[in-house]
Amino acid sequence: MSKTQQLTKKDHTYVWHPFTQMGVYTKDEPIIIEKGRGSYLYDTKGNKYLDGYASLWVNVHGHRNKKLNKAIHKQLNQIAHSTLLGSSNIPSIELAEKLIQITPDRLQKVFYSDTGSASVEIAIKMAYQYWKNIDPQKYAHKNKFLTLKHGYHGDTIGAVSVGGIDTFHKIFKHLIFENIQLESPSLYRSHYKDEKEMLAHILERIETILSEQNDEVAGFILEPLIQGATGLFVHPPGFLKAVEQLCRKYNVLLICDEVAVGFGRTGEMFACQHEDVQPDIMCLGKAITGGYLPLAATLTSQEIYNAFLSDSHGVNTFFHGHTYTGNQIVCSVALENIRLYEEDRLLPHIQKTSRTLETKLSELKEHPNVGDVRGRGLMFGVELVQDQESKTPLDIPIVEAIIRLCKDYGLMIRNLENVITFVPVLSMSNKEIKKMVKIFKRALKDVLDKNHSNR
Ligand SMILES: *Cc1c(COP(=O)(O)O)cnc(C)c1O
């Protein structure tokens, strides 16, 4: 048996993969990644793949980056881990300062955790407790969150509760708490004639709810600019700013979940900065360590932090914390990751490659099976349909065949239902971006041609 065959057997025997129907997964031979370099992944058979999903939206400066590797080695020579409970450590202090410097001014404090879902749980609990700490009587009913349909904030129970995915809600309906879900401002599958009409209508609806129920609403949580994991729904310009103004007007906390869109993904360091928005709470994760290690952070305003202060441990304290909070190795690599954005002038690079990606993908708009091409920065989706008129989603087996063929042609990308997502390594070169789209176009053509001739 070859090395790959042996590993496949063990993988199928022992590993339960996330978000995966294992009954289907174990029928195929998996791609087992052995190493990476720059924008490429290499499997155990020596095949090479362009990393078009940035290893699930996390990789920034490429794989096996010398400087990031060095930052980890350097920290290892000091210490791997000590706890932030009751003591502190050097990298977590320096990283917190850096995060406060680069995020919107309103954010003044950093609370660490280790997954995006945890950063959202923390945001929810903080927002909820904030109101109870400042006036438990007056704000007794501020217990709900405004959320968006198609929102994704992670998989823990609290994060699912504020998410907008019906299938998740159905199974766990007795475990999750109630939220007030709003229509997502995304045009393609809406009944609105244009973005202007959609924006006006949805904002009016939000204002109605807030004016009537603001005494029940603790916060409004949303993914700014792009709702990622449910199919890359892009909001029209001005929506985020208007939401911020409504939150302030009606005394509701604004929670921006930048786990996916943060760290340059949309072309600015943070999505909020496109519209000069100042969230009360911001959630960070994914690309925060350059795609090296799990780290997340929940940033808050001074005002929220102050509401948790008292002279007694039992009063107003935020009783939450994870064992590896503020781990030194993780914080060290995050610090180096952020430093490299400046050193490599990564944001201007992303703005340039984003134009290439958009131009190349837009050429597909004429294709009869392409319903919509949407995105910002280096986060684009191509929605595949049976025909442009009916917008009926292309059959999933066909979409999956396209994804599989992309892999055969040397490109790792993923689909979210009938939406093909392009979320590449942020440092990917212009040439590699073009190659990525070229491979996709070839796979699209080959699968659809074959499909037509089979009919
Ligand atoms: C990925 C994601 C999360 C969850 O992060 P995990 O690290 O997978 O727990 C939360 N919010 C958004 C917007 C995400 O894209």
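UniProt, in an unreviewed entry, places the feature "binding site" at G116, S117, D257, H322 and T323. Such annotations may be inferred rather than shown by experiment; feature names are shortened, and positions are in the numbering used here. These positions span 208 residues in sequence, and their farthest two C-alpha atoms are 22.6 Å apart, so they do not all gather at one spot.

A word on the model. It is predicted, so local features need pLDDT of at least 70 and side-chain atom pairs count only at pLDDT 80 or more, while totals for chains, interfaces and linings use all residues. Residues are numbered from 1 along each chain as its sequence is written, and side-chain values use heavy atoms, leaving out hydrogens and water.

Now two of the positions. G116 is found in helix α6, residues 116-134; helices are DSSP runs of H or I with at least four residues, numbered from the N terminus. G116 is buried, at a relative accessible area of 17%. Buried means under 20%, exposed over 50%, and partly exposed in between, with a 1.4 Å probe and protein chains only. Leaving aside residues up to four places away in sequence, G116 touches H153, V259 and A296, where contact means heavy atoms within 4.5 Å. T323 sits in the loop between α11 (302-306) and α12 (328-343), and T323 is exposed, at 63%.

Last, helix α13. Which of its residues are buried? They are L346, I350, T353, S354, T356, L357 and L361. Seen down the axis of α13, they fall within an arc of 170°, so they line one face of the helix; the arc is taken from the directions from the helix axis to the C-beta atoms.

Key: Helices (H or I, at least four residues) and strands (E, at least two) are DSSP runs, numbered from the N terminus.
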